[in-house]
Amino acid sequence: MRIVLIHGQNHKGSTYHVGRILVDQLSEEKEITEFFLPRDLEHFCIGCYACIDDEEKCPYCEEKEKIGAAMEKADLLVFTTPNYCMAPSAPMKSFIDLFYQYWIPHRPRKSMFTKKAVVISTTAGTGASHAITPIRRTLAYWGVPYIKTYGIAVQASRWSEVGRRKRKKIQKDMRILARKLQTVSCGKPSLYIRMMFGMMALYKKKNPEAAPAETAYWREQGWLDGIRPWRD
């Protein structure tokens with residue numbers, strides 16, 4: 001199993017450790033690639049729209065390509081972010097913005113429609129679900145059909161301060177989640193996502209001048225002629 005972890009901070013705190021516990025619980029032979037934000041992608045989208053015509057024109061293309069290539073080859077994507085003010089970390093939000101071309105209305109990647117993903121967040125008290133939601137929504141709009149989430153209040157600011165009972169619970173929860181990831185098929189994207197994909201195909205077919213480069217991309221994939229990325 002090829003696994004890519006995207007960590008929403010540079011240091012190895014509680015959220016990082018929960019993600020690693022999950023990966024360690026997977027019994028299959030593993031190939032693990034990790035990226036840390038902002039270390040591996042320290043930029044913000046500047047809204048230049050260069051990627052609309054050509055993704056290679058993005059001023060941060062080199063860093064993005066390295067991460068993107070790893071994600072497209074992966075079987076499992078794991079995103080970890082602590083709760084920052086009831087939201088993902090700023091580097092994680094920046095990551096979402098910089099990969100907006102993966103969204104269905106633009107240049108979705110066929111490989112995303114056959115992947116599994118997990119989004120993990122920890123918090124001292126409350127807010128883990130608020131940090132998880134934007135990432136989960138992004139993955140859904142990328143076309144990822146199987147997304148699991150895990151948020152937990154660790155009542156500590158450092159992993160070394162997390163209590164024994166809490167760690168035991170995390171170990172148990174990750175063992176259960178790992179079992180699901182190994183035994184459950186990813187299936188198809190939700191009906192909503194499939195309908196939206198169909199509507200975008202119809203729109204691009206009727207309005208090719210709206211975003212010519214993106215329409216050309218869809219045509220190359222065969223998506224304007226009824227082919228769908230979640231089908232063999």
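Okay, let's start with Q155, which comes out as exposed at 59% relative accessibility; buried here means under 20% relative accessible area, exposed over 50%, and partly exposed in between, with a 1.4 Å probe and protein chains only. This is a predicted model, where local features need pLDDT of at least 70, side-chain atom pairs count only at pLDDT 80 or more, and totals for chains, interfaces and linings use all residues. Numbering runs from 1 along each chain as its sequence is written, and side-chain values use heavy atoms, with hydrogens and water left out.

Back to Q155: its phi is positive, near 55°, and the residue isn't a glycine. You'll find Q155 in the loop between β5 (146-153) and α6 (164-183). Helices (H or I, at least four residues) and strands (E, at least two) are DSSP runs, numbered from the N terminus.

Now the loop between β2 and α2, where Y49 sits. Y49 isn't a glycine either, yet has a positive phi of about 65°, and it's exposed, at 62% relative accessible area. Most residues other than glycine have a negative phi, and most peptide bonds are trans. P38 is in the loop between β2 (31-36) and α2 (50-53) too, and the peptide bond joining L37 and P38 is cis, with omega about 10°.

Next, cysteines. How many disulfides does the structure hold? It holds 0, a disulfide being a pair of cysteine sulfur atoms within 2.5 Å. Take C45: the closest cysteine sulfur is in C51, 6.6 Å away, so that's too far for a bond. C45 is partly exposed, at 41% relative accessibility.

Last one: M195, in helix α7 (residues 191-206), is partly exposed at 49% relative accessibility.
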